[in-house]
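Here's a quick briefing on charged pairs and one annotated stretch. Have the sequence and the model open as you read.

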Amino acid sequence: MDYVEQRMAQEAAKPAVAADSSSSLLTPLNLLILGLFLYTAYSFFKPQPPAALPKEEPAVVFTTFTPRTLLPYNGENNAPVYLAVRGRVFDVTRGRNFYGPGGPYANFAGRDASRGLACGSFDEDMLTKDLDGPLDTLSDLGRDELEALQGWEDRFSEKYLVVGKLVPVGEEDK
Amino acid sequence: MGALDNVLLTVDQAISDLFGQWNVYTTAIVGLFVGLVAYQISTRRDPDTHPLLLARQAQASPVRHEGESAVYRSQAAPHGMPLNAGLNVKDPGASKWSRGRDGDLRDIWRQAIAGVQDDGPSKGATGRILTVLGTEHVTEHALADITRQINLIGQHVANQGGNRVAIYLPNSVELLVTLFACAFYNMTAIILPFDQPDDAVLSMLRRSAADTVVTAPGSFPFDAVVKNYPSLRQLVWVVDEGSSHMDWNEVPQGTGGSVNVSTWQDIVTDYPVDAGHDLPAQEGQKDPRDVTIFWQAAPGTTEEMVRFTAGNLVSAVAAQIFAIPTAQRMGPSDLFLPADSLANTHTLALTLAALYSNASVAFNSVAVGANDLAVATRGIAPTILVTTPAALLKTHQETANHLSSVIARNLHWLQTRDLTQNGVMPVASLLTRYYDRLRPGIKPGKLRLIFTAERVGAASPPLSSAVLSDLRVYTGARIIYALTAAKVAGAAAQTGFYDYRVFDDNHSHFGAPLTNTEILLRDTPEHKTTDSLSKGEITVRGPSVAGNEAALGVVGVIRDDNTLAYL
């Protein structure tokens, strides 16, 4: 209580000294509050640029592949994984676990997978060996196999992007 | 006393010293401060749309072809889905969930007279059709009366062997009636831009192979046409009341012997009163015919003739209806005024959209040439207006000149801030009352939406996004700025309903494609699309494009927010 009384006495003695500041605009207190006011006003009225989103991924260019140019897209060294079904090249990179290196379907990566998918076989001998020869026409396949292939193609079309077409070597410009 | 007590004492003294300086100025500043915060809190409103929706307005296809950009589509029309092809007309009795027909012009008029079909307070309400004559006089046309005119004119022209009907009229009910008459009575409508030089009219008639003309006396070069265009078989004069006593059927001696001349009024009055009240039955109706439109490029160039199928037109109408958010769609409480020529498919599609939405539609034949909002809206207070960029620019200049005082300029700044920073339309308040006086000669508080369009190759003056924003403040209406082209019915792309952003540009962007168009940019020798920037000749595809795909012949660029702009 001593302290309070002491402070009261101090304050009581003051007014005579502080009288001249009661009519001045430029007191520290006024400057402080004015600064606060101006800052708030500035932050309210500061023009803000319109909202922006990060730029989109650029679109993939639709490319014409030959069996040979498709080959590098087998997912090794972080390359994208492409595979071809009946002349359409799908980007299956999102399914890397299946189609990429070490996956169950790894043989198809960078290759024409039509025959393998139709026959339900992932073996090496399902692939067209001669990369410079004509594409597999699949003409010897039965109805069930073509149906299975159609099913795969529909699934691919739903899930993956068509990023190009596959043509035999020598027909790139057609 | 410990050290802590000393510190506390000093702090205590410092604080009491500081607040001991409180004086009348302090009170004033604090008052202002509180006022500012209160103003901010009380005027705070949620933006009309989420700002990020404006940050990416179109979706790009993930794959593009060599030599062109990705394909851009409206967010409402995802890739892989069909574009918006029609009005989804459901015949009476059809299941609510069934897919409707695309429809054609006939369905638009049937909907206009049937009234609102959706359940709700306005169920059954129909729009009104008005004609503004002079500055004061507004006449209303009963819908039943217009239906009767459609039937009688259609029957008359068809009976006289009309097949390809050229319409050379200013914006008027008769233009619309003839268009619908052609749709219902299986004729091809040809809409000619009004007020053209004689040889241009003649050339357009020749190129379109018209056999019938519906026109108004005084503007149509009858003698020259009869002399030089022998294929003309039939002519219908639309005579105003003042001169209907004259004998318009009389053909001057030696000219036009083979032309069958009649007047609109005679055709309508000669039939019995109870004739022609029912539209032809919908069952067994023939496939809709095309509508031919002439696109006026820059003055002095030949008009480009474009044939739109009925499908092109309804797709354009449907997309315009969809382009407006559901809560703001046109309805029976709206009054729609086309102050741009109905020979433009953009204006026509919007007018048909208004009819289909059961909005009231007003026609003012002088509105088009005047290029002035004040003149166009004289005698009527539309809520939705279609006008030319030239008229808007003129209004902008005139109003800006009035806004020279400091108060007005600050109010303008405050309202522009509402638009660009807060993303909301400025509301009327005590402050803005002062401002209302300065608004262009449009009845305040009524107008809510303005459509305007850049016409490719027609030398329409560019509108910058700053001018559009100013105009939103001046008129209190939202503005939709579209990109239109000869081969595209309606618009190819248009700015979003809630997009009020201002950029540093001379020519505003055109927003995103509509739900019935997709846009891609083809490489030109100078401008090629790269992975970082899409640019090239604007190419539009979709159900509203004549021939399904059209290159517009202008170079465009897709901006970072996926809106289309001229390069």
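This is a predicted model: local features need pLDDT of at least 70, side-chain atom pairs count only at pLDDT 80 or more; totals for chains, interfaces and linings use all residues.

Residues are numbered from 1 along each chain as its sequence is written, chains are lettered from A, and side-chain values use heavy atoms, leaving out hydrogens and water.

**Salt bridges**
- The structure holds 21 salt bridges over all chains (a side-chain nitrogen of Lys or Arg within 4 Å of a carboxyl oxygen of Asp or Glu).
- Asp48(B) pairs with Arg478(B), closest N and O atoms 3.0 Å apart.
- Asp48(B) sits in a loop and Arg478(B) in strand 17, so this pair ties together parts 430 residues apart in sequence (strands are DSSP runs of E, at least two residues; helices are H or I, at least four; both are numbered from the N terminus).
- Arg478(B) is buried at 11% relative accessible area, while Asp48(B) is partly exposed at 27% (buried is under 20%, exposed over 50%, partly exposed in between, with a 1.4 Å probe and protein chains only).
- Arg448(B) and Asp334(B) form a salt bridge at 2.8 Å, N to O, linking loops 114 residues apart.
- Asp334(B) is buried, at 5%.

**Annotated domain**
- UniProt, in an unreviewed entry, lists residues 65-167 of chain A as "Cytochrome b5 heme-binding"; positions use the numbering here, feature names are shortened, and annotations may be inferred rather than shown by experiment.
- That stretch of chain A is 30% helix and 15% strand, with its end C-alpha atoms 6 Å apart.
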